[in-house]
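Please open the structure in a viewer and keep the selection panel at hand.

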Amino acid sequence: MTVSVPPLPRRARLPGRGSLPVRVARNPAGLFGIFVVTGLLVLVAFAPQIAPYDPAHQDIVNRLQGPSANHLLGTDQLGRDLLSRLIFGVRIELQVAVPATLGALALGLLLGLAAGYLGGRADNALIVVMDAIQAFPAVILALTILALLGPSLRNVAIVLAVAFAPAYARVARALVLAVKQNPYIEAERSLGASSPRIVLAHIVPNILPPLLTLVAMNLPSAIGAEAGLSFLGLGVQPPTPSWGVILADGFEHVRDAPWAVIWTGLTLMATTLGFTFLGEALRDQLDPRLAGALH
Amino acid sequence: MLQYLIKRIGMAFLVAVLLMVFLALLVHAVPGDPVNAILGQRSTPELVRTVREQMGLDKTVPAQVAQFVGHAFQGDLGHDFVSNLPVTNLIRNALPHTIALAVSSLALAILFGIPLGVLAATRPNGILDRLTGVVSISLITTPSYIAGLYLLLLFSLTVELFPAVGTGSFSHPIGYLQHLVLPAVALALGWIGYFARLVRTSMLEILNANYIRTAYAYGLRESVIVYRHALKNAIIPTVAVLGVGLGELMGGAVFVEVIFSRVGLGSLIVESIETRNYPVVQGCVLTVALLFVLANLLADLSYRFLDPRIRVEEST
């Protein structure tokens with residue numbers, strides 16, 4: 001006698017299933033974000049191969065040209081190819097934005113852990129200090145510190161890390177307070193675990209993933225701030241092809257040759273939009289509770 | 001309410017004092033001699049001595065902090081290194097223009113952002129809602145200097161509708177407004193997007209409330225329900241961020257003032273940084289930060305005044 005075994009039902013494909021990149025890419029905005037960020041990473045890795053010219057190569061005869069077959073986006077006031085400068089500029093943007101954001105995360109995490117875990121007076125004192133730092137609009141705080149440190153790529157990264165840190169500290173503190181309530185922390189403590197062990201082995205691993213999502217959402221602000229400060233002449237200095245420097249050069253000649261301003265503006269807008277969409281899509285997948293945490 | 005008022009004002013005062021201490025100490029964050037860092041290549045022994053005396057750097061650090069805070073409370077923010085004018089005079093000339101810019105930007109953001117949010121919330125997930133969502137995020141992520149540069153290119157240099165540079169004078173209101181339009185729009189765009197998102201979220205929550213369903217059941221017109229009953233409550237979270245908004249707008253004014261060559265605190269700060277005129281930077285930054293603290297305080301208090309739930313919670 002043979003028994004017919006019904007085939008096993010296929011695993012149901014729920015809307016939330018699939019690997020993280022697949023789930024993010026299912027959302028059109030997330031897909032746009034992946035497209036932009038991947039494109040930027042390719043440009044960072046292969047800038048010398050992709051860029052048609054050396055970004056510093058000057059060709060005074062062909063200065064302030066509009067788009068042409070030789071120079072797809074035109075040239076600047078020294079005849080340098082705008083496309084090549086924008087491509088190499090991606091490296092500069094990420095060289096500032098990534099350390100600045102990770103620095104803000106590290107500083108914010110440290111302060112948030114101290115405030116949330118220690119509680120009491122330490123918490124109150126840190127809140128007042130953070131309130132004082134956040135009383136400066138981020139741009140103004142950055143300008144104040146740059147006024148003293150002087151303009152340079154490294155100083156812009158430091159300044160932005162300091163300006164963004166209080167926002168991370170606040171979120172980290174709130175997350176620590178929530179995690180601290182869990183029974184397993186209490187159990188660890190009753191078993192005699194030391195505070196550093198509880199913090200490093202249990203609290204940090206739990207609060208880090210949502211904070212990393214915030215890093216993705218904060219990167220566009222860091223890129224925008226760097227370009228803004230360099231545009232004012234207080235960030236990365238010429239002839240380094242930072243987007244802010246290209247914008248500042250373009251602004252000088254905006255009446256005769258608006259191309260530099262137009263292309264750099266569009267590149268910056270697409271980049272910030274791409275990172276924001278990707279950050280939002282990641283947040284929706286990983287931790288929807290964080291909506292609006294950095295705004 | 002009175003207890004909260006006292007606590008909140010006390011907190012704002014404490015933050016203000018901390019701000020002054022922070023600014024007084026910041027000069028010591030510079031590696032090496034702060035006076036040499038401030039003067040750069042202009043440094044001469046005589047000038048170094050004058051600046052050291054003027055900024056009180058020849059005293060101990062606690063004495064310097066006490067002097068800066070004490071003088072700031074009396075309205076004395078030191079003297080400009082270049083012109084030797086009191087810093088407060090420079091701020092008095094620039095501040096009204098920055099406030100006019102920030103307030104008109106905030107007004108534009110409220111005027112356009114709130115209806116945009118209402119429009120999106122009344123047709124959730126429809127084409128209009130999705131379109132508003134994309135537009136809002138695009139506006140939020142566009143830096144104000146990019147918006148300013150594009151507006152300048154389009155409406156000053158190409159179409160020549162508005163002046164490209166200058167501030168105008170308060171004695172000629174029409175000319176002043178013409179100079180104000182593009183900078184104010186450039187600064188407002190991001191906040192229009194932000195307010196639209198904020199109002200949409202709170203409107204969606206309110207439109208599902210029982211009292212709104214009851215209003216529909218009574219047969220009230222949609223416009224009456226949306227604008228008179230729902231918006232009144234949905235607007236409260238927006239009021240809470242107005243203070244932050246005004247402060248951020250004053251910060252963002254730096255870029256717009258430089259692009260449109262406007263007189264204001266922002267352009268004064270940039271100019272002073274370029275000439276390493278630290279007392280002017282210190283004074284301007286303190287003014288912006290104090291206004292930020294004040295705007296936050298007022299927004300927080302009005303938020304509590306507007307939301308009866310908070311008052312009831314406090315009294316029980």
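## Where the two chains meet

Between chain A and chain B, six residue pairs are in polar contact, both residues of each pair being at pLDDT 80 or more. The model is a predicted one.

Please colour the helices of chain A that face chain B. α4 (120-134), α5 (138-149), α8 (195-231), α9 (243-252) and α10 (259-286) of chain A each contribute at least two residues to the side that touches chain B. Of these, α10(A) provides the largest share of that side, with 11 residues. Sorted by class, the side of chain A that touches chain B comprises 30 nonpolar, nine polar and three charged residues.

Next, display the whole contact. It draws 42 residues from chain A and 44 residues from chain B. The area buried between the two chains is about 3800 Å², and carbon and sulfur atoms give 83% of it. Within chain A, select A:Phe136, A:Leu148 and A:Leu232: these residues lose the most area to chain B, together 17% of what that side buries.

## The salt bridge across the interface

How many salt bridges are found across the interface of chain A and chain B? The rule finds one. To see it, select A:Glu280 and B:Arg197, whose closest N and O atoms are 3.2 Å apart. This pair crosses between chains, from helix α10 of chain A, where A:Glu280 lies, to helix α8 (residues 173-207) of chain B, which holds B:Arg197.

Is A:Glu280 buried or exposed? A:Glu280 is buried, because its relative accessible area is 14%, under the 20% limit.

Over all chains, a search of the whole structure finds 10 salt bridges. Side chains of opposite charge can pair when their charged atoms come close.

Select A:Arg173 and A:Asp123. They form a salt bridge in which the closest N and O atoms are 2.7 Å apart. The pair links distant parts of the chain: A:Arg173 belongs to helix α6 (residues 153-180) of chain A and A:Asp123 to helix α4 of chain A, 50 residues apart. A:Arg173 counts as partly exposed because its relative accessibility is 21%, whereas A:Asp123, with a relative accessible area of 9%, is buried.

Then select A:Arg197 and A:Glu188, whose side chains meet in a salt bridge at 3.3 Å, N to O. Here A:Arg197 is partly exposed at 43% relative accessibility, while A:Glu188 counts as buried at 15%.

## A histidine in a loop

Which residues does A:His71 touch, not counting residues up to four places away in sequence? Select A:His71 in the loop between α2 (28-50) and α3 (82-118) of chain A. With nearby positions in sequence, up to four places away, left out of the count, A:His71 touches A:Tyr53, A:Gly66 and A:Asp81. A:His71 counts as buried because its relative accessibility is 8%.

## The two domains of chain B

Move to chain B and colour it by domain. The domain assignment gives domain 1 (2-73) and domain 2 (93-315). The contact between them takes 19 residues from domain 1 of chain B and 15 residues from domain 2 of chain B. The C-alpha centres of the two domains lie 32 Å apart.

About 1500 Å² is buried between these domains, with carbon and sulfur atoms giving 72%.

Methods: Residues are numbered from 1 along each chain as its sequence is written. Chains are lettered from A and ligands numbered from 1 in the order in which they are written. This is a predicted model: local features need pLDDT of at least 70, side-chain atom pairs count only at pLDDT 80 or more; totals for chains, interfaces and linings use all residues. Side-chain values use heavy atoms; hydrogens and water are left out. Domain bounds come from an automatic or database domain assignment. Contact means heavy atoms within 4.5 Å. Buried area is the accessible area (1.4 Å probe) that two parts lose on being put together, summed over both. Helices (H or I, at least four residues) and strands (E, at least two) are DSSP runs, numbered from the N terminus. Buried means under 20% relative accessible area, exposed over 50%, partly exposed in between (1.4 Å probe, protein chains only). A salt bridge is a side-chain nitrogen of Lys or Arg within 4 Å of a carboxyl oxygen of Asp or Glu. A polar contact is a pair of N or O atoms within 3.5 Å; within protein, one must be able to donate a hydrogen and the other to accept it, and residues adjacent in sequence count only if both atoms are side-chain atoms. Ala, Val, Leu, Ile, Met, Phe, Trp, Tyr, Cys and Pro count as nonpolar, Asp, Glu, Lys and Arg as charged, and the others, Gly among them, as polar.
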